[in-house]
Amino acid sequence: MIVVEDVDLIAEGRGMFPGQHPLLFQLLNEMDGLGEDADVAFLLTTNRADVLEPALAARPGRVDQAVEIPLPDADGRRRLIELYRGQLELEEIDLDPVVARTEGVTASFIKELLRRAALLAADTVDPNGDEPLTVRSSDLDEAVNELLAEKNRLTRILLGNPADSPT
């Protein structure tokens with residue numbers, strides 16, 4: 001299996017930027033040049049399918065299956081919080097407001113949210129004490145406010161928030 005992550009970085013439509021596209025052509029050659037007996041699968045990932053070169057799918061057999069992974073729903077965002085918290089202690093927090101405020105965000109946004117909440121919590125921990133790092137509701141609220149603030153629009157775009165993506 002050959003994985004090309006963020007294939008849009010090397011396989012944008014040729015009409016968008018006329019000229020040489022050596023990586024795109026190399027990818028197309030490799031996809032087409034394998035013998036029929038070769039047991040190789042190409043897995044191409046992107047969050048910008050709209051800009052991909054049409055030649056990627058122009059020949060039969062180049063693209064056998066396309067799968068869209070939707071943004072996490074409320075239950076998915078709740079489960080992502082549990083996943084990404086890892087060993088991080090969470091004070092008894094009502095996650096419903098956080099889940100509601102993060103409608104339409106990606107998994108990477110949730111991961112960054114917990115990282116920022118942990119940093120905020122770390123600022124209040126006594127460095128000489130042996131209490132565990134615990135994220136409080138106020139830390140999580142402040143982290144959500146920070147990420148959703150207008151000044152962090154670019155961060156949200158980079159984290160894949162479609163509501164902030166350029167048109």
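In what order do the elements of the chain run from the N terminus on? The order is β-α-β-α-α-β-α-α-β-α-α, with 7 helices and 4 strands in the chain; helices (H or I, at least four residues) and strands (E, at least two) are DSSP runs, numbered from the N terminus. The model is predicted: local features need pLDDT of at least 70, side-chain atom pairs count only at pLDDT 80 or more, and totals for chains, interfaces and linings use all residues. Residues are numbered from 1 along each chain as its sequence is written, and side-chain values use heavy atoms, with hydrogens and water left out.

The C-alpha trace spans about 60 × 35 × 30 Å along its principal axes. Of the 167 residues, 31% are buried (under 20% relative accessible area; exposed is over 50%, partly exposed in between; 1.4 Å probe, protein chains only).

The count of salt bridges is 9, a salt bridge being a side-chain nitrogen of Lys or Arg within 4 Å of a carboxyl oxygen of Asp or Glu. Asp50 pairs with Arg48, with 3.4 Å between the closest N and O atoms; Asp50 is exposed at 62% relative accessible area, and Arg48 is partly exposed at 38%. In the salt bridge of Glu82 with Arg85, the closest N and O atoms are 3.2 Å apart. Glu82 and Arg85 lie 3 residues apart in helix H3 (residues 74-85), and are therefore separated by about one helical turn. Arg136 and Asp139 form a salt bridge at 3.1 Å, N to O; Arg136 is partly exposed at 26%, whereas Asp139 is buried at 3%.
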